[in-house]
Structure formats: C-alpha cells, structure tokens
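Work through the exercises below with the sequence and the structure in view. Try each task before reading its solution.

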Amino acid sequence: MTGYRPGPPAHEAIRRYWLDISPWRQQLVVHLGGNEPCCFACQLGFDSWTHTERAHLIAHAHGGPSTPDNLVLLCALCHATMDVLFGHPTCPPELKLTWIAHHPGWYATRLPHWKAAIGQLDERSYQAQVAATQGIDPT
Ligand SMILES: [Zn+2]
C-alpha cells in the first residue's frame, strides 16, 4: 500500500492558526499589526499570503510534520536566515518562534534610517563636488 502523503496546508490555514488560535497569537499579532500579508518575522509585505514561504519549525528532514502548528509564513530571506541560525536538529521550535516574535519590523525600522543615511551621504558628496568645481572648500 502506498502511503497517502497530503500536501502542505494552505497558507490561509497557517495564517489562521498562528494569528487566531496559537498560544503565540498575542506576540505575533501585536507586531504584525493586522492582517496584511507579510513575513511573520520581518513584516516584509506581500500582495498575498500565498507569496510567503511556508517554513518548518521542526524541519521536515528531522521528522517535523507539515501541519499549521509546525509551519510559519516567512519571506525568503527570513526563511533562509532561520534555517541557518536554528537549523540544528536539536534546536527547540520555541527558539525559532522567539526569534520570529522579537524580530518585528526589521526592515521597517531600519530601512528609513539607511535611506536617510545614504541620502545624507549623497547630499554631502554632491555639495562637495559642487564646491570643488567652484573652487570653494566645503568644510
Ligand atoms: Zn522576512
């Protein structure tokens, strides 16, 4: 008899489990701030939940089931990062969840600062070039 192997649950079932049912609901919902499709960890936004990746908390290769309570929705970068940071077979799933729950707004909080820093650099180098062409010391 060939075993019946169901496919992974739909993204919607995973979203519903983590944001409506799971014991981690409070920690996740607060930092996700609503029901806009996004990476559970960094909040990177998507057009649809189906564009997020289904990441195993206990790896499939280590016997982790493909059930909503063992799958989280992440962007490709957070999925890869989580697997690298917490990929050891003995790593408890709670450690991954703690990382996810304390990872809010990673891009949202840092990107504006980076953009501002880059903008200032550009503005400074532009002014330096202008000053140089006019024979003025910009300092
Ligand atoms: Zn992410």
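**Exercise 1.** In which strand is Ala55 found? Decide also whether Ala55 is buried or exposed, and list its contacts beyond its neighbours in sequence.

*Solution.* The model is a predicted one.
- Step 1: Ala55 belongs to strand S1.
- Step 2: Count the other C-beta atoms within 10 Å of Ala55; there are 24. A residue with 20 or more is buried, so Ala55 is buried.
- Step 3: Leave out residues up to four places away in sequence; Ala55 then touches Leu71, Val72, Leu74, His79 and Met82.
- Step 4: For a distance, take Asn70: its C-alpha atom is 8.1 Å from that of Ala55, and the two residues are 15 apart in sequence.

**Exercise 2.** Which elements give two or more residues to the largest nonpolar core?

*Solution.* 
- Step 1: This core has 19 residues, and those touching the most other members are Cys39, Phe40, Ala41, Val72, Leu73, Leu74 and Cys78.
- Step 2: S2 gives the largest share, four residues.
- Step 3: Take Leu74 as an example. Beyond four places in sequence, its contacts include Cys39, Phe40, Ala41 and Ala55.

In soluble globular proteins, nonpolar side chains tend to be buried together.

**Exercise 3.** Which residues of H4 are buried, and why do they line one face of the helix?

*Solution.* 
- Step 1: In H4, the buried residues are Lys96, Leu97 and Ile100.
- Step 2: Look down the axis of H4: these residues fall within an arc of 95 degrees, so they line one face.
- Step 3: An α-helix has 3.6 residues a turn, so residues three or four places apart point the same way.
- Step 4: The buried residues of H4 pack against S2 and H3.

**Exercise 4.** How many helices and strands does the chain have?

*Solution.* There are five helices and two strands. Their order along the sequence is α-α-β-β-α-α-α.

Methods. Residues are numbered from 1 along each chain as its sequence is written. This is a predicted model: local features need pLDDT of at least 70, side-chain atom pairs count only at pLDDT 80 or more; totals for chains, interfaces and linings use all residues. A nonpolar core is a set of buried Ala, Val, Leu, Ile, Met, Phe, Trp, Tyr and Cys residues joined through C-beta atoms within 7 Å. A residue is buried if 20 or more other C-beta atoms lie within 10 Å of its own, exposed if 12 or fewer, and partly exposed in between; C-beta atoms are placed from the backbone. Two residues are in contact if their C-beta atoms, placed from the backbone, lie within 7 Å. The arc is that of the directions from the helix axis to the C-beta atoms.
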